[in-house]
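Hi,

Here is the model I promised to pass on. Have a look at it, and then read on for what turned up around the ligands.

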Amino acid sequence: MNSEKSGYSGLQIGLHWTIAVLVLFQLLFGESMTTYVDAAADVRQLSSYEQTMESAHYWVGLSILLLVFVRPAVRLFVGAPKAQSTMPKWMAFASRTTHVLFYCLLVAVPVSGLLAFYVWGWMGDIHGWAKPVFIVLICVHAGAALFHHFVLKDAVLRKMLIPARDPAR
Ligand code: HEM
Ligand code: HEM
């Protein structure tokens, strides 16, 4: 079952980048759903482009929610890379905290979106806060990955680009 590996499997890498691209899509085009909510309030017809973007926001958001549960399952069965032993404690802590915050957001944001859509419209305001929070976290996370690669010149970013040999799948 769960064992320490030297890197991520192709499946884990694929999931990471798929979720990252889907989140970026949501952040770039999230306003499409606000347009839908405003149009419904003003009893205005949406253009076909607006309708497509609204339903894209819905389905991409649901896909993220689904995929985020596949990740820990894969981690449990395939294993996870061991933390670099040379990494200072504070750095390992910061990295773990960022990852946990990502997982919390990846569940809380689609759930708040669903609640805003179906139950409590006011939740939309809270849901909208996902944008700045995600942007800050992505900058910290991607910045750290690039710092590891270009300044510390270690294997952290490569681990998320090239599948390890030892994972089973
Ligand atoms: C990780 C997934 C998601 C992200 C990153 C995300 C992001 C966003 C963003 C940036 C906005 C625009 C907020 C603004 O105008 O300032 C928005 C609006 C909205 N999203 Fe999402 N969303 C996600 C998933 C979902 C899901 C699954 C639903 C379910 C239906 C949903 C429903 C809504 C609604 C109803 C609004 C309009 C809120 C309002 O203006 O009252 N979202 N979303
Ligand atoms: C929306 C965008 C992103 C999200 C939601 C995200 C989320 C995550 C999460 C949750 C992990 C922990 C994986 C685990 O062990 O379970 C992770 C790892 C990682 N991410 Fe991202 N990520 C995003 C974008 C990026 C970008 C743009 C880069 C590179 C520039 C990047 C590079 C990495 C690397 C190198 C790791 C491995 C860290 C390690 O094992 O110590 N990520 N990411």
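The shell around ligand 1 is made up of 11 nonpolar, 9 polar and 2 charged residues (Ala, Val, Leu, Ile, Met, Phe, Trp, Tyr, Cys and Pro count as nonpolar, Asp, Glu, Lys and Arg as charged, and the others, Gly among them, as polar). Before going further: this is a predicted model, where local features need pLDDT of at least 70 and side-chain atom pairs count only at pLDDT 80 or more, while totals for chains, interfaces and linings use all residues. Residues are numbered from 1 along each chain as its sequence is written, chains are lettered from A and ligands numbered from 1 in the order in which they are written, and side-chain values use heavy atoms, with hydrogens and water left out.

Back to ligand 1. It has 22 residues around it, and Met-33, Thr-34, His-57, Tyr-58 and His-127 come nearest (a residue is near if one of its heavy atoms lies within 4 Å).

- Thr-34 puts a polar side-chain atom 2.7 Å from an oxygen atom of ligand 1.
- His-57 has a side-chain N or O atom 2.8 Å from a nitrogen atom of ligand 1.
- His-127 also has a side-chain N or O atom 2.8 Å from a nitrogen atom of ligand 1.

Helix 1, helix 2 (31-41), helix 3, helix 4, helix 5 (123-128) and helix 6 each give two or more residues to this shell (helices are DSSP runs of H or I, at least four residues, numbered from the N terminus).

Now ligand 2. Its shell has 18 residues, the closest being Tyr-8, His-16, Arg-75, Tyr-103 and His-141, and it divides into 12 nonpolar, 3 polar and 3 charged. A polar side-chain atom of Tyr-103 is 2.5 Å from an oxygen atom of ligand 2, and one of Lys-159 is 3.3 Å from an oxygen atom of the ligand.

What coordinates the iron atom of ligand 2? His-16 and His-141 do, each through NE2, at 2.0 Å (donors are N, O and S atoms within 2.8 Å of the metal). The arrangement is octahedral because the 6 donor atoms subtend angles of 86 to 179° (six donors qualify if opposite ones are over 155 degrees apart and all others between 65 and 115). The two histidines sit 125 residues apart, with His-16 in helix 1 and His-141 in helix 6.

Cheers

Terms used
Polar contact = N/O pair within 3.5 Å; in protein donor to acceptor, adjacent residues only side chain to side chain. Donors = N, O, S within 2.8 Å, 3.2 Å for Na, K, Ca; no water. Tetrahedral: all angles 85-135°; square planar, octahedral: opposite > 155°, others 65-115°.
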